[in-house]
Amino acid sequence: MKFYFAPMEGITGYVFRNAHHACFPSVDRYYTPFISPNQNRPMSPKEKRDVLPENNRNIPLIPQILTNNATQFLQAAKVLADMGYEEVNLNLGCPSATVVTKGKGAGFLGEKEKLRTFLDEVYEYTPIPVSLKTRLGMCDPMEIVELLELFRPYPVKEWILHARIREDYYKYEPRLDAFEVAAKESPFPLCYNGDIFSVEDYERICQRFPQIQSVMLGRGLMANPALVRQIKGGNPCTKEEFLSFHNRICHGYEEIMSGDRNVLFKMKELWAYWESLFAGEDKRIKKIKKANSLAEYYAAVSILLEQADFASDIKKS
């Protein structure tokens, strides 16, 4: 079984990836937050920095591209191939309204003939193999049947399938009956994605879908950075490991960002996931989120880690 870290926009950039891979080197692949090419350039300066090989040394990384324009996709893929990447991933899963209304991400799944034309061109001319990350469909989970037939003619490197439709966003239970259709019929290597928050969640998925060869974790791995290690039979995250992980990320942002405010914004965003490691510590975590300077922030984190209980065996709330 292979384990992938899902891309999370604004969160899992190279600073975060470097810290996680250094502290918890159990993940087989990381996927970048999506690159969004346009008619003027294949990627923005910020997107380019995120994928530069020198910013991702020794990290097994797959860049992800979000577009509904085949020419723009191929231009971005060419730049990535020239950097040395050997695979790119097409995002057909993002449920964000701003993405979907433009016919991109999961929204592209609702325009199947246009998607077919796009894939015809992409798979004919791509300089490197292309994998797909999709949902079951836009509105009906049984759209998966049509998607199977749509994708079947192409040399898809791997199919990462989030077991929800776009209309679900990240709510409700994963639609495992529909995922089973893909698990039984997919002609490509299939990766399961959706709501793996614990070792038990992982084991249930493996029991139901013994044919899958990989799983992608997002929110569960954000909340418990050692979750893959635990799935493999290793130890839970310790306070010392968490502090090292936290400090690597914070110092990394300090090196590339100017001013406390920008760094604090990035770090406070992470506590939406990390707070589940500290049950019953709402007041101390509130002080972290209210910190107005890095000195105040570090002090609040130090107090939390010194005085709080630490629970790393995360369960879904």
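Colleague: Why is Tyr-169 called partly exposed?

Modeller: In this predicted model, Tyr-169 has a relative accessible area of 30%, and because buried means under 20% and exposed means over 50%, a value of 30% falls in between and the residue is called partly exposed. Tyr-169 is found in the loop between β7 (159-162) and α7, and it has a positive phi of about 50 degrees although it is not a glycine.

Colleague: What makes Asn-58 exposed?

Modeller: The relative accessible area of Asn-58 is 73%, and exposed begins over 50%, so Asn-58 counts as exposed. Its place is in the loop between α2 (45-51) and β3 (61-62), and its phi, near 65 degrees, is again a positive value in a residue other than glycine.

Colleague: How do you know that Ala-300 is buried?

Modeller: Ala-300 has a relative accessible area of 11%, and since the limit for buried is under 20%, the residue is placed in that class. Ala-300 sits in helix α14 (residues 294-307), where it touches Lys-287 and Ile-288, if residues up to four places away in sequence are not counted.

Colleague: Why are α13 and α14 called roughly antiparallel?

Modeller: Two packed helices are described by the angle between their axes and by the distance between those axes. Helix α13 (residues 282-290) and α14 pack at an angle of about 165 degrees, with their axes 8 Å apart, and because angles over 145 degrees count as roughly antiparallel, that is the name given to α13 and α14. The residues that make this contact include Ile-285, Lys-287 and Ile-288 of α13 together with Tyr-297, Ala-300 and Leu-304 of α14, and the whole contact divides into seven nonpolar, one polar and four charged residues. The crossing of α13 with α14 is left-handed.

Colleague: What makes α3 and α5 roughly parallel?

Modeller: The axes of helix α3 (residues 70-83) and helix α5 (residues 112-125) come within 9 Å and cross at roughly 25 degrees, and because angles under 35 degrees count as roughly parallel, α3 and α5 are described in that way. Their crossing is right-handed. On the α3 side the contact has Ala-70, Thr-71, Phe-73 and Leu-74, which meet Phe-118, Glu-121, Val-122 and Tyr-125 in α5, and by class these are six nonpolar, one polar and one charged residues.

Colleague: Why is the pair of Tyr-4 and Tyr-31 called tilted?

Modeller: The structure holds 21 aromatic pairs. In the pair of Tyr-4 and Tyr-31, the ring centres are 5.5 Å apart and the planes stand at 50 degrees; planes under 30 degrees apart would be stacked and planes over 60 would be edge-to-face, so the pair is tilted. This pair links distant parts of the chain, with Tyr-4 in strand β1 (residues 2-5) and Tyr-31 in strand β2 (residues 29-31), 27 residues apart. Tyr-4, at 2% relative accessibility, counts as buried, and Tyr-31, at 1%, counts as buried too.

Colleague: What makes the pair of Phe-179 and Phe-209 edge-to-face?

Modeller: The planes of Phe-179 and Phe-209 stand at 65 degrees, with the ring centres 4.9 Å apart, and because an angle over 60 degrees counts as edge-to-face, the pair takes that name. Phe-179 lies in helix α7 (residues 176-185) and Phe-209 in the loop between α8 (199-208) and β9 (214-217), 30 residues apart, and both residues are buried.

Conventions: Residues numbered from 1 in each chain as written. Predicted model: local features only at pLDDT ≥ 70, side-chain atom pairs only at ≥ 80, totals over all residues. Heavy atoms only, no water. Axes fitted to C-alpha atoms, helices over the stretch in contact; angles between N-to-C directions. Helix = DSSP H or I, 4+ residues; strand = E, 2+ residues; numbered from the N terminus. Parallel < 35°, antiparallel > 145°, perpendicular 65-115°, else oblique. Left-handed = near helix turned anticlockwise from the far one by under 90°. Contact = heavy atoms within 4.5 Å. Nonpolar A, V, L, I, M, F, W, Y, C, P; charged D, E, K, R; others polar. Phe/Tyr/Trp six-rings, centres within 6.5 Å; stacked < 30°, edge-to-face > 60°. Buried < 20%, exposed > 50% of the residue type's maximum accessible area, 1.4 Å probe, protein only.
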